[in-house]
Amino acid sequence: MCRPHVMVAPNGARRGKADHPALPVTLPEIVATARACHAAGADALHLHVRDSAGGHSLDAGRYREALAELGAQVPALPVQITTEAAGVFGVPAQLACLEAVRPARASVSVREIARDPDLAPRVYAACAEAGTEVQHILYDTADIAQLRDWQARGIVRPAQQAVIFVLGRYAPGQVSSPADLDPFLAAMPDAADWTVCAFGPGEHACLAAAARRGGKLRAGFENSLAAPDGTVHPDNAASVAALRTLLESQDP
């Protein structure tokens, strides 16, 4: 098995220091975490920025500042921004973020953009015009059907192929298992560039299973704080290192 690509998602939109004291919230904390995770084996970073109160933000200025600092301090680590609504932002705000930041990479939730179908063409056109690499967030097979419809209608451009399958987000207790991947791959057997993230203590087992099937991986405190035995990781870098160790143990 070739070395799987691992992206780290160190904070997400909802967790804070009360959930884990090592969860990065401020920009210096995010940069330090990025550096440590890169050293531990992360190949890319999924970036969420926070407002002055620590809340989820899509502020273009904060994104530009974070991207510049990460580029200067950890230049070998590609960065993907999120456009996640997190129950706070509408599609106009998500579109405005993409238009103002013009990031190299962004994740875009299909079901969130589908809240405003009239704006969907503008979202994907803005990414195409800026050269933004889009990763479509897919929570279930209904999201896959929506994506395929937009692809067939030309709303999603041919080059916008990357997807991430999210396991366990809406399961009871946000607990995932490797079998959760099966419906995604059955519904999208032709996916050429697919990643998996997984919620709960089954995170690493799910990612190891995805690696065996040729997928890319996303790990970190956005999705899980704990190892399979329930032990809490001391920080994001420890989670990345543990995942790398697991992946190497299953290498033929």
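**Entry 1: helix H2**

I started with what covers the buried residues of H2, and the cover includes H1, strand E2 (44-47), strand E3 (49-50), strand E4 (56-57), E5 and H3. Here helices (H or I, at least four residues) and strands (E, at least two) are DSSP runs, numbered from the N terminus. I count contact as heavy atoms within 4.5 Å.

A note on the source: this is a predicted model, where local features need pLDDT of at least 70 and side-chain atom pairs count only at pLDDT 80 or more, while totals for chains, interfaces and linings use all residues. Residues are numbered from 1 along each chain as its sequence is written, and side-chain values use heavy atoms, with hydrogens and water left out.

Which residues of H2 are buried? I find Ala60, Tyr63, Ala66 and Leu70. They cover an arc of only 125 degrees around the axis, so they sit on the same side of H2. The arc is taken from the directions from the helix axis to the C-beta atoms. For burial I use under 20% relative accessible area as buried, over 50% as exposed, and in between as partly exposed (1.4 Å probe, protein chains only).

I also checked the length of H2 (residues 60-73): its 14 residues should span 20 Å at 1.5 Å a residue, and the end C-alpha atoms are 20 Å apart, which agrees. The expected span is 1.5 Å times one less than the number of residues. At the start of H2, a side-chain oxygen of Asp59 comes to within 3.1 Å of the backbone nitrogen of Gly61.

**Entry 2: salt bridges**

How many salt bridges does the structure hold? I get 13, each being a side-chain nitrogen of Lys or Arg within 4 Å of a carboxyl oxygen of Asp or Glu.

I looked at Arg14 and Glu84, whose side chains meet in one of them at 2.6 Å, N to O. This pair links distant parts of the chain, 70 residues apart: Arg14 is in the loop between strand E1 (6-8) and helix H1 (27-40), and Glu84 is in the loop between strand E5 (79-82) and helix H3 (91-101). Glu84 counts as buried at 10% relative accessibility.

Next I took Glu129 and Arg102, also a salt bridge at 2.6 Å, N to O. Glu129 lies in helix H5 (residues 120-130) and Arg102 in the loop between H3 and strand E6 (105-109), so this pair ties together parts 27 residues apart in sequence. Glu129 is exposed at 55% relative accessible area, and Arg102 is partly exposed at 43%. I also noted that Arg102 has a positive phi of about 50 degrees although it is not a glycine.

Then came Asp143 and Arg111, with a salt bridge at 3.1 Å, N to O. Asp143 is in helix H6 (residues 141-152) and Arg111 in helix H4 (residues 110-113), so the pair ties together parts that are 32 residues apart in sequence. Is Asp143 buried or exposed? It is buried, with a relative accessible area of 5%; Arg111 is partly exposed at 28%. I also found Arg3, Asp43 and Arg244 joined into one network by salt bridges that share partners.

**Entry 3: nonpolar cores**

A nonpolar core here is a set of buried Ala, Val, Leu, Ile, Met, Phe, Trp, Tyr and Cys residues joined through side-chain atoms within 4.5 Å. Which of the 63 residues in the largest nonpolar core touch the most other members? I get Leu47, Leu138, Phe165, Leu181 and Trp194. Leaving aside neighbours within four places in sequence, the contacts of Trp194 include Val163, Phe165, Leu181, Leu185 and Arg213. A second, separate core of six residues includes Ile137, Val166, Cys197 and Phe199.

**Entry 4: single residues**

I looked up Thr82 in strand E5. Thr82 is buried at 1% relative accessible area.

Leu23 sits in the loop between E1 and H1 and counts as buried at 0% relative accessibility. Beyond residues up to four places away in sequence, Leu23 touches Pro10, Arg15, Glu29, Arg50 and Phe221, among others.

Last, Ala86 has phi near 55 degrees, a positive value in a residue other than glycine. Ala86 is in the loop between E5 and H3 and is buried, with a relative accessible area of 14%.

Key: A polar contact is a pair of N or O atoms within 3.5 Å; within protein, one must be able to donate a hydrogen and the other to accept it, and residues adjacent in sequence count only if both atoms are side-chain atoms.
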